[in-house]
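Here are a few friendly notes to read alongside the structure. Please keep the view open and follow the points in order.

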Amino acid sequence: MAGKFEYTTLAHRYTARYPVLTYVGTQANFWIIANVLLAVIFHFQSHLITVTYQVPVGGSFGPLALISVILGMLYGITLGLTGYYLDKYVSKKLALGKVILLRTLISLVVLMLDLALLRYVFFDRLIAPSMFIAGTTLVEEVWKSLFLLLVIYYAFMTLVISFINQVNKKYGPGILLPLLLGRYRKPREENRIFMFMDLKSSTTTAEQLGHLKYSAFIRDCFSDINEVLYPFYAQVYQYVGDEIVVTWPEREGLKGHSCLLFYFACRKQFMTRSDYYMSNYGLLPDFKAGAHTGTVTAVEIGEVKRDIAYHGDILNTAARIQSVCNEHQKSFIVSQHLLEKVNLPVNLRAQHLGSILLKGKASAVELVSVEE
């Protein structure tokens, strides 16, 4: 279990610090592996032809492997950079069909450039000299067949890397490998911090904006909150209407007071985009939040739609804490248990609200409001 936590934690840390490098590195590594795999297939195929028909069509595997690594790196870096910036700046503005078409065109252009390098640079200098027959040349028909083969192969591999990207988007960095290893097939205990963030005066806001514009407003709010996730090592657990549930492995949430500062970073993010919100909606987002920490169980659930679910009293308590924000006219309330673990940074101040019996709880919980 410790190994799983360490891998997932490191993945989140690295993604938070180097988002572009992480995305591009994943693409480059995948395409290097995919190209080397194709080179291995070619090598063994040529070896079989040589053995079967006694025709020396093979050669040293080294140059072929080197070319595969170079082309895979070029292809992966180019697609990684374009994919990252498409997701960040273009995908939100274009329809999904147009984004797919644009990605396909970029992939074809890069593939044609790779094939040109293979044909006019690498073949004469590396591949031909390593083959058994000196002065080997390939006719135009061979290059057309090779291009068609690469298009089919790369199209299939693109589906695989797209699947990996979608899993990372759904579950977050570092979750795919534990899923593949079956880590969540049985319930496992984790120490986690949960924060429930809910839009204030949501009913009034919905009536004021209308349901279509209100949905766009919530979409923009969640998009801005997502911009703040990685710097504070936070993970989205789920979206429920106009509420977002954020979680941290306890050690990550306590580090650098991330679980406290995250809330105020969200408010700052909204303020930096105040002109956009005022011009489009006539109001600024204002969220209330409640946070608590403790032991929960994590397990993979569902058949038609699979997901990783967390169970435990910690979630219920965090949700109840958030629900009493209006009653006490506070925006951010945490449990005393959490505050004792995280310690209060100098730029925040706490006000003890006392021992409060939350709805559905048998015993009272010490609550503290946190403000800048």
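Is Asn343 buried, exposed or partly exposed? Asn343 counts as partly exposed, at 48% relative accessibility; buried means under 20% relative accessible area, exposed over 50%, and partly exposed in between, with a 1.4 Å probe and protein chains only.

1. A word on the model. This is a predicted model, in which local features need pLDDT of at least 70 and side-chain atom pairs count only at pLDDT 80 or more, while totals for chains, interfaces and linings use all residues. Residues are numbered from 1 along each chain as its sequence is written, and side-chain values use heavy atoms, with hydrogens and water left out.

2. Two backbone angles to look at. Asn343 has a positive phi of about 65 degrees although it is not a glycine, and this residue is found in the loop between α13 (336-342) and β7 (349-356). Helices (H or I, at least four residues) and strands (E, at least two) are DSSP runs, numbered from the N terminus. His257 is another non-glycine residue with a positive phi, near 55 degrees. His257 is found in the loop between α9 (250-254) and α10 (258-272), and at 25% relative accessibility it counts as partly exposed.

3. One side of a helix. In helix α12 (residues 313-323), the buried residues are Ile314, Leu315, Thr317, Ala318, Ile321 and Gln322. They lie on the same side of α12 because they cover an arc of only 165 degrees around the axis; the arc is that of the directions from the helix axis to the C-beta atoms.

4. Aromatic pairs. A pair of aromatic rings is described by the distance of the centres and the angle of the planes. Rings of Phe, Tyr and Trp (its six-membered ring) pair if their centres lie within 6.5 Å; planes under 30 degrees apart count as stacked, over 60 as edge-to-face and the rest as tilted. By this rule the count comes to 23 aromatic pairs. One of them is formed by Tyr75 and Tyr154, edge-to-face at 4.7 Å centre to centre, with 75 degrees between the planes. Tyr75 lies in helix α3 (residues 61-90) and Tyr154 in helix α5 (residues 140-171), so the pair ties together parts that are 79 residues apart in sequence. Both Tyr75 and Tyr154 are buried.

5. A pair between strands. Tyr237 and Tyr310 also form an edge-to-face pair, at 5.2 Å centre to centre and 70 degrees between the planes. Tyr237 is in strand β2 (residues 235-240) and Tyr310 in strand β5 (residues 307-311), 73 residues apart, which makes this a link between distant parts of the chain. Tyr237 is buried at 18% relative accessibility, and Tyr310 at 9%.

6. A ring cluster. Phe217, Phe270, Tyr276, Tyr277, Tyr281 and Phe287 are linked into a cluster by ring pairs. Arg273 lies over the face of Tyr276, at 4.3 Å from the ring centre; a charge sits over a ring if NZ of Lys or CZ of Arg is within 6 Å of the ring centre and within 35 degrees of the ring normal.

7. The surroundings of Thr247. Thr247 is placed in strand β3 (residues 243-249) and is buried, at 1% relative accessibility. Its side chain is joined to that of Arg192 by a polar contact of 3.0 Å (a pair of N or O atoms within 3.5 Å; within protein, one must be able to donate a hydrogen and the other to accept it, and residues adjacent in sequence count only if both atoms are side-chain atoms).
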